[in-house]
Amino acid sequence: MLPPVKKDRIITQLPQCFSPNAALHTKDGFHPQVKAACQVQKTGTVSFNIAKVIVVGDVAVGKTCLISRFRKGAFEKNYKATIGVDFEMERFEVLGVPFSLQLWDTAGQERFKCIASTYYRGAQAIIVVFDLSSVNSLAHARQWLEDAMKENDPSSVLLFLVGTKKDLSSPDQLAHVEQEAIRLSEEIKAEYWAVSAYGVRDFFFRVASLTFEANVLSELEKTGSRNFGDIISDTENNHKPIKRSSNCC
Ligand SMILES: Nc1nc2c(ncn2[C@@H]2O[C@H](COP(=O)(O)OP(=O)(O)OP(=O)(O)O)[C@@H](O)[C@H]2O)c(=O)[nH]1
Ligand SMILES: [Mg+2]
């Protein structure tokens with residue numbers, strides 16, 4: 001039997017996006033259907049209590065630090081390249097329902113790309129990481145996304161574009177790169193975040209909340225409780241449609 005979820009992994013409210021200009025949606029709470037389903041404990045089955053998340057991006061942009069900072073609260077200064085792929089599981093409780101993120105941390109080094117890409121399939125969220133102090137790493141983000149999308153269903157996967165090493169950028173540099181990153185996020189329908197390895201909790205809470213919400217809505221659709229298409233294009237409620245075509249990049 002699993003131990004209870006840690007107190008600091010309990011999510012009772014939808015965390016806000018980083019930038020309303022580049023968000024998957026800007027509603028200030030979980031979808032009413034999701035809240036209702038959780039209340040009546042329709043969500044107690046296992047099929048959507050877990051989400052696979054893959055983390056991709058150039059070498060040394062900070063993918064491993066992003067995850068380890070959240071999981072262990074530690075920041076590793078010395079660079080240790082990921083070999084192939086690493087796997088971590090993080091448990092949450094969202095609206096009273098146990099929920100886990102399977103975090104797949106892939107290697108950025110070219111020579112491991114082939115191995116790492118075999119783990120891309122079946123992702124519910126893709127986190128494309130770039131270094132805010134390296135414009136090149138942002139330019140490569142599109143290619144990472146394209147590769148990861150080949151193995152996934154573009155109409156349902158949630159995308160996050162995350163700039164790391166915020167602490168290393170000057171305000172001017174940051175403003176310039178962020179403008180580009182937000183433009184790209186809008187284009188590929190990703191949610192944009194800028195973080196440093198010193199503070200990543202809000203970001204992972206948002207990933208957990210949005211994947212949870214998407215899983216529950218998808219399950220409700222499967223069971224015929226409502227039409228999923230109505231939810232994601234509900235612009236009246238500030239939902240931005242997340243449906244995208246397979247040639248989005
Ligand atoms: N200052 C600063 N350094 C960071 C930050 N995040 C990562 N680093 C440093 O960047 C280097 C690379 O970090 P990793 O997390 O190992 O990079 P990675 O993307 O996992 O690299 P690969 O596994 O080779 O693809 C390390 O030396 C980290 O200490 C950050 O937010 N701020
Ligand atoms: Mg790594």
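**Entry 1: Asp105**

I started at Asp105, which sits in strand β4. This is a predicted model, so I keep that in mind for everything below. Is Asp105 buried or exposed? I count Asp105 as buried, because 24 other C-beta atoms lie within 10 Å.

Next I looked up what Asp105 touches. Leaving out residues up to four places away in sequence, I get Val55, Lys63, Thr64, Ile67, Thr82, Val85, Asp86 and Glu88. I also checked one C-alpha pair: Asp105 and Ile67 are 38 residues apart along the chain, and their C-alpha atoms are separated by 7.8 Å.

**Entry 2: Lys63**

Lys63 was on the Asp105 list, so I went there because I wanted its burial too: with 25 C-beta neighbours inside 10 Å, Lys63 counts as buried. I find Lys63 in helix α2. Its contacts, again not counting residues up to four places away in sequence, are Val55, Gly57, Asp105, Gly108 and Val129. Val55 turns up for Lys63 and for Asp105.

**Entry 3: Gly108**

Gly108 was on the Lys63 list. Where does Gly108 lie? I place Gly108 in the loop between β4 and α3 (113-117). Gly108 is buried, as 23 other C-beta atoms lie within 10 Å. Outside its sequence neighbours up to four places away, Gly108 touches Gly57, Asp58, Val59, Ala60, Val61 and Lys63. I noted the Gly57 pair separately: 51 residues apart along the chain, C-alpha atoms separated by 5.8 Å.

**Entry 4: helix α2**

I then took in the helix that holds Lys63. Helix α2 covers residues 63-72 and is mostly covered, with seven of its 10 residues buried. Which residues of α2 are buried? My list reads Lys63, Thr64, Cys65, Leu66, Ile67, Arg69 and Phe70. Among these, Lys63, Thr64 and Ile67 also touch Asp105.

I looked up what covers the buried residues of α2 and found that it includes β2 (50-57), β3 (85-94), β4 (97-106), β5 (125-131), β6 and α7. After α2 comes Gly73, with a positive phi near 70 degrees.

**Entry 5: helix α6**

I moved on to helix α6, residues 171-188. It has 18 residues and reaches 25 Å from its first C-alpha to its last, close to the 26 Å expected at 1.5 Å a residue. The buried residues I listed in α6 are Val177, Glu178, Ala181, Leu184 and Ser185. They cover an arc of only 130 degrees around the axis, so they are on the same side of α6. On the other side of α6 I find Asp172, Ala175, Gln179 and Glu187 exposed. What covers the buried residues of α6 includes α4 (135-139), α5 (141-150), β6 (158-164) and β7 (190-194).

I place Lys189 in the loop between α6 and β7. Its phi is positive, about 60 degrees, although Lys189 is not a glycine.

I logged Leu95 under this heading too: it has a positive phi of about 50 degrees and is not a glycine. Leu95 is in the loop between β3 and β4. Leu95 counts as buried, because it has 21 C-beta neighbours inside 10 Å.

**Entry 6: α1 against α7**

I checked one helix pair. The axes of α1 (residues 32-39) and α7 (residues 201-222) come within 10 Å and cross at roughly 80 degrees. That makes α1 roughly perpendicular to α7. Which residues make the contact? From α1 I have Gln33, Val34 and Ala37, and from α7 I have Glu213, Val216, Leu217 and Leu220. Sorted by class, the contact of α1 with α7 has five nonpolar, one polar and one charged residues.

**Entry 7: whole chain**

Last, I wrote down the totals. The secondary structure comes to eight helices and seven strands. Of the 249 residues of the chain, 41% count as buried. Among contacts between residues at least 6 apart in sequence, 76% join residues at least 24 apart.

Notes:
Residues numbered from 1 in each chain as written. Chains lettered and ligands numbered in written order. Predicted model: local features only at pLDDT ≥ 70, side-chain atom pairs only at ≥ 80, totals over all residues. Helix = DSSP H or I, 4+ residues; strand = E, 2+ residues; numbered from the N terminus. Expected span 1.5 Å × (residues − 1). Buried ≥ 20, exposed ≤ 12 C-beta atoms within 10 Å, placed from the backbone. Arc of directions from axis to C-beta. Contact = placed C-beta atoms within 7 Å. Axes fitted to C-alpha atoms, helices over the stretch in contact; angles between N-to-C directions. Parallel < 35°, antiparallel > 145°, perpendicular 65-115°, else oblique. Nonpolar A, V, L, I, M, F, W, Y, C, P; charged D, E, K, R; others polar.
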